[in-house]
Amino acid sequence: MKEFGFELRVCAWAERAWDGGEIPLVARQLGTKRRRWDTVVCETTHEGLDRRAPFGEERLDSDLLFVARNAPSSWAYYREALPDPGYPWRYVRDAIHRAADRGFLETRKRSGRIELRRRYRYPEWFDRLVAIENKPDLDAAAARALADQLRHDVALGLADEVWVATESTGDSVEPALLEAIPVEVGILAVSEEFDVDVVWNPRTLPSTSWGTRILELPDDDRSAARFEYADAKWKRRKRLEIAERAYERGWRSYAETMRPDCRQFELRDPEGPFPYCAEKGRPQTAAECSGRCPAFEPEPPSWRQHGWPIEGGPGSAAKRLLEAKRNRRR
Ligand code: SF4
């Protein structure tokens with residue numbers, strides 16, 4: 001199976017059967033500037049989601065998080081209430097106004113100064129972040145290449161656990177794979193029917209203390225590796241940003257980068273649903289399904305007549321269905 005389809009099915013499986021946390025919020029393609037994970041599971045609870053809800057359905061970006069986490073409970077001049085951001089205050093003022101528009105803090109002007117106070121304390125709303133790398137065709141050579149990336153993940157410890165999901169070959173997983181992958185990383189074997197077996201359990205990584213960023217890992221024994229430290233505060237901030245994006249997007253946001261308005265686009269399998277191209281007669285990848293696709297055919301206007309443009313045609317209906325599924329998770 002192509003990596004994209006495999007990734008969506010791993011997401012669906014994690015949402016349904018993840019063993020950890022009351023509610024697994026699952027998202028795709030999240031991480032930092034240097035590293036993007038295929039699948040992210042943000043383990044939370046009903047109570048955690050209730051506490052996060054007053055901050056709105058959209059994510060809090062890094063500037064909004066700064067304001068949300070530091071806003072005082074009683075009125076204060078913003079420059080005295082908030083710690084030095086380390087960047088120009090005008091960005092903080094902009095974030096304060098955006099936060100007030102979103103309703104989680106209040107502002108007023110006193111003697112020309114902006115004062116603020118929070119309406120809600122930004123909560124500890126999730127427990128753990130788990131990263132899953134999806135590699136359906138993982139032979140020994142690919143496993144060795146992937147092992148380097150995984151060593152970075154383990155050394156940094158930004159996620160609490162790191163896993164690799166791969167297609168099982170027969171009823172065993174390639175022994176060379178077990179040798180190549182760092183012992184801290186868990187391995188999931190996924191069958192054609194999408195039964196998932198744990199082949200190797202991961203170790204919990206020290207996500208709340210400092211980590212090591214590997215800048216260079218030479219192949220030979222003579223050259224020195226280069227490292228730098230990642231402090232615990234940076235990790236905490238990044239984890240929050242990733243969790244916020246997972247909260248906003250979920251894993252069904254794939255429709256935003258595909259063409260559900262093409263008449264060949266279908267959604268199949270209520271477990272997902274997953275995208276399917278009637279023209280190709282198979283699941284299409286996100287890269288294939290774009291305006292550049294030679295077989296792209298816009299929905300005929302007659303499909304849109306009832307309720308259009310308010311409700312749109314089947315393409316809009318597909319987006320609404322995916323959106324509704326995502327909201328049910330929150
Ligand atoms: S024909 Fe192309 S654009 Fe249309 S659904 Fe298939 S892959 Fe997507």
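User: How many residues does helix H8 have, and what distance does H8 reach from its first C-alpha to its last?

Analyst: In this predicted model, helix H8 covers residues 232–249, which gives it 18 residues. At 1.5 Å a residue the expected reach is 26 Å, and the computed reach from the first C-alpha to the last is close to that, at 26 Å.

User: Where does helix H6 bend?

Analyst: Helix H6 runs over residues 140–156 and reaches 24 Å from its first C-alpha to its last, close to the 24 Å expected for its 17 residues. Among its buried residues are Ala-143 and Leu-150. The bend in H6 is about 30°, and it lies at Ala-147.

User: Are H3 and H5 roughly parallel or roughly perpendicular to each other?

Analyst: Helix H3, residues 62–70, packs with helix H5, residues 89–102, and their axes are 9 Å apart at an angle of about 75°. Angles of 65 to 115 degrees count as roughly perpendicular. The two helices, H3 and H5, are therefore roughly perpendicular.

User: How many nonpolar residues does the contact of H3 with H5 have?

Analyst: On the H3 side the contact includes Leu-64, Phe-66 and Val-67, while the residues they meet in H5 include Val-92, Ala-95 and Ile-96. By class, the contact of H3 with H5 has no polar residues and 2 charged ones, and the nonpolar residues number 9.

Terms used: Residues are numbered from 1 along each chain as its sequence is written. This is a predicted model: local features need pLDDT of at least 70, side-chain atom pairs count only at pLDDT 80 or more; totals for chains, interfaces and linings use all residues. Helices (H or I, at least four residues) and strands (E, at least two) are DSSP runs, numbered from the N terminus. The expected span of a helix is 1.5 Å times one less than its number of residues. The bend at a residue is the angle between axes fitted to the seven residues ending there and the seven starting there. A residue is buried if 20 or more other C-beta atoms lie within 10 Å of its own, exposed if 12 or fewer, and partly exposed in between; C-beta atoms are placed from the backbone. Axes are lines fitted to C-alpha atoms, for helices over the stretch in contact, and angles run from 0 to 180 degrees between N-to-C directions. Angles under 35 degrees count as roughly parallel, over 145 as roughly antiparallel, 65 to 115 as roughly perpendicular and the rest as oblique. Two residues are in contact if their C-beta atoms, placed from the backbone, lie within 7 Å. Ala, Val, Leu, Ile, Met, Phe, Trp, Tyr, Cys and Pro count as nonpolar, Asp, Glu, Lys and Arg as charged, and the others, Gly among them, as polar.
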